[in-house]
Amino acid sequence: MKRLWSFVFALVLMVCMITSISAQEADSFRIVSETIETFEDGFSIVTTISEENLTAENAARAGYNKTGSKTVTGKDQTGAVCWTFTVTGTFVVNEGVVSACITARYSHTISNSAWSLQSGNAAKTGNQAVASGTFIKKALGVTVQTVDTSVTLTCDKYGVLS
């Protein structure tokens, strides 16, 4: 019985730690900007730029690493999310002098099973993290809609993401 209570206690402790870590990760990013583009057919694209909050130590240094992401969200005519496509970049910033992208990757989520990611890639170039992807929507096995998306996250020499 003592082992059972020890196991239950350890399990509860692990869940609390995981929840705490997830909350810290969510708090470590902030939304910088968000724009919405709506098309004639009612489909819309929401573009969101987020950046990792700098620690006081990093903010005080002239040279630091900065991580950010730019997410494109495809929404149908009802406003329901179909998919998201994100480019995440890490930049080295020499404040006021130069910035350079050191890593770039893409990720995606599918929220509507009619959609799928046909292709995707990411690259770093200068002070930009660039990703592109093609989403397709099928009905009865036939492609009925294709959305090509290209996402560029730029970091200027002051660490400002756009």
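Trainee: What share of the 162 residues in the protein chain is buried?
Mentor: Start with the cut-offs. Buried means under 20% relative accessible area, exposed means over 50%, and partly exposed lies in between, with a 1.4 Å probe and protein chains only. Here buried residues make up 30% of the 162 residues in the protein chain. This is a predicted model, so local features need pLDDT of at least 70, side-chain atom pairs count only at pLDDT 80 or more, and totals for chains, interfaces and linings use all residues. Residues are numbered from 1 along each chain as its sequence is written, and side-chain values use heavy atoms, with hydrogens and water left out.

Trainee: Which elements make up the secondary structure of the protein chain?
Mentor: Helices (H or I, at least four residues) and strands (E, at least two) are DSSP runs, numbered from the N terminus. The protein chain has two helices and eight strands. From the N terminus on, the order is α-β-β-α-β-β-β-β-β-β.

Trainee: What percentage of contacts between residues at least 6 apart in sequence joins residues at least 24 apart?
Mentor: A contact means heavy atoms within 4.5 Å. Among contacts in the protein chain between residues at least 6 apart in sequence, 45% join residues at least 24 apart.

Trainee: Which residues is isoleucine 36 in contact with, leaving aside its neighbours within four places in sequence?
Mentor: Isoleucine 36 lies in strand 1 (residues 29–38). Leaving aside neighbours within four places in sequence, isoleucine 36 touches Ser44, Ile45 and Val46. Isoleucine 36 and valine 46 are ten residues apart in sequence, and their C-alpha atoms are 4.5 Å apart. Isoleucine 36 is exposed, with a relative accessible area of 61%.

Trainee: What is the phi of leucine 140?
Mentor: Most residues other than glycine have a negative phi, and most peptide bonds are trans. Leucine 140 has a positive phi of about 55 degrees, although it is not a glycine. Leucine 140 is found in the loop between strand 7 (128–139) and strand 8 (142–154). At 89% relative accessibility, leucine 140 is exposed.

Trainee: How many disulfides does the structure hold?
Mentor: A disulfide is a pair of cysteine sulfur atoms within 2.5 Å. The structure holds zero. Cysteine 155 is in no disulfide; the nearest cysteine sulfur, that of cysteine 101, is 8.8 Å away. Cysteine 155 is buried at 0% relative accessibility. Cysteine 82 is buried too, at 2%.

Trainee: How many aromatic pairs are there?
Mentor: A pair of aromatic rings is described by the distance of the centres and the angle of the planes. Rings of Phe, Tyr and Trp (its six-membered ring) pair if their centres lie within 6.5 Å; planes under 30 degrees apart count as stacked, over 60 as edge-to-face and the rest as tilted. The count is six aromatic pairs. One of them joins phenylalanine 43 and tryptophan 115: tilted, 5.8 Å centre to centre, 35 degrees between the planes. Phenylalanine 43 lies in the loop between strand 1 and strand 2 (44–52) and tryptophan 115 in strand 6 (residues 115–125), so the pair ties together parts that are 72 residues apart in sequence. Both phenylalanine 43 and tryptophan 115 are buried.

Trainee: Which kind of aromatic pair do phenylalanine 85 and phenylalanine 135 form?
Mentor: Phenylalanine 85 and phenylalanine 135 are edge-to-face, at 5.9 Å centre to centre and 85 degrees between the planes. Phenylalanine 85 lies in strand 4 (residues 81–94) and phenylalanine 135 in strand 7, so this pair ties together parts 50 residues apart in sequence. Phenylalanine 85 and phenylalanine 135 are both buried. Phe43, Trp83, Phe85, Tyr106, Trp115 and Phe135 form one aromatic cluster.

Trainee: Which residues are linked in a network of salt bridges?
Mentor: A salt bridge is a side-chain nitrogen of Lys or Arg within 4 Å of a carboxyl oxygen of Asp or Glu. The count is two. The side chains of glutamate 51 and arginine 30 meet at 2.5 Å, N to O. Glutamate 51 lies in strand 2 and arginine 30 in strand 1, so the pair ties together parts 21 residues apart in sequence. Lysine 66 also meets glutamate 51, at 2.8 Å, N to O. That pair links lysine 66 in strand 3 (residues 63–75) with glutamate 51 in strand 2, 15 residues apart. The network is therefore Arg30, Glu51 and Lys66.
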